[in-house]
Amino acid sequence: MLKKINWDYLVSNHRNPSQEPTIRTQFVENKYIIFKFLLKNKFKMTNIEYIRQTIINSEKNKLNRFILTDNAFSYNLEDGIRHLLLWVNPSHKDNKILYQNQVNLNKCDWLYHHIYNKLSQKYSLKKYEYVYFENHENNRSIPEIKHIHIFVKLKKIFLIDQLE
């Protein structure tokens, strides 16, 4: 049985991910394979084209510099940890240099504020904690579109309150 990724492991990888590939459950991996197969054979598009069309260039998002989504194909995480993605819009004028210069997003201190702002629209960050990283190139399933993996969980003090 696959070992679930725990919060301590994610914290140790904050802005400094492991070189080891991160594992999905077999169920999620199969779901991802079927998704890519259907995109290719039924809709005649790649997963990159799909992300560009439905996320990056959607009417709602096309002017946004960063786009926050749930990860439909999450890693094998312990219960209580949410897996989100922050997509970096390649069409946005302020992001062009990130793509041209192959910038490692883990090294961008300024990115923290953008992540915080996006997350605070969805979560009360007084109650939740989060960590993030950009995968190493060899571990990216979608290398053409820069994105950050964000992991969010309820802070321990609030978990204890829920038990009482």
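The model is a predicted one, so local features need pLDDT of at least 70 and side-chain atom pairs count only at pLDDT 80 or more, while totals for chains, interfaces and linings use all residues. Residues are numbered from 1 along each chain as its sequence is written, and side-chain values use heavy atoms, with hydrogens and water left out.

The overall build comes to 6 helices and 4 strands; here helices (H or I, at least four residues) and strands (E, at least two) are DSSP runs, numbered from the N terminus. Read from the N terminus, the order is α-α-α-β-β-α-α-β-β-α. The radius of gyration, taken over C-alpha atoms, is 16 Å, close to the 15 Å that the globule rule gives for 164 residues, so the chain is as compact as a globular protein of that length. That rule is 2.2 Å times the number of residues to the power 0.38. Along the principal axes, the C-alpha atoms fill a box of roughly 50 × 40 × 30 Å.

Of the 164 residues, 40% are buried, where buried means under 20% relative accessible area, exposed over 50%, and partly exposed in between (1.4 Å probe, protein chains only).

Next come the gaps. Rolling a probe the size of a water molecule over the atoms shows where empty space is left. On a 1 Å grid over the protein atoms alone, a cavity is a set of points where a 1.4 Å probe fits but cannot get out, and a pocket is an open set with protein on both sides within 12 Å along at least five of seven lines; lining residues have an atom within 4 Å of a point. Grid points are joined across faces, edges and corners, and a volume is the space filled by probe spheres set on the points.

The largest pocket holds about 280 Å³ of space. Its lining has 19 residues, with Ile-51, Asn-71, Phe-73, Leu-85 and Trp-87 lying nearest the centre. Helix H3 gives the most to this lining, with 4 residues. By class, the pocket lining has 11 nonpolar, 6 polar and 2 charged residues (Ala, Val, Leu, Ile, Met, Phe, Trp, Tyr, Cys and Pro count as nonpolar, Asp, Glu, Lys and Arg as charged, and the others, Gly among them, as polar).

His-149 sits in strand E4 and, at 5% relative accessibility, counts as buried. Among the residues that His-149 touches, leaving aside those up to four places away in sequence, are Asn-71, Leu-85 and Asn-135.

Most residues other than glycine have a negative phi. Arg-15, however, has a positive phi of about 60°; Arg-15 lies in the loop between helix H1 (7-12) and H2 and is partly exposed at 21% relative accessibility. Gln-102 also has a positive phi, near 50°. Gln-102 lies in the loop between helix H4 (96-100) and helix H5 (111-120), and is exposed, with a relative accessible area of 58%.

Key. Contact = heavy atoms within 4.5 Å.
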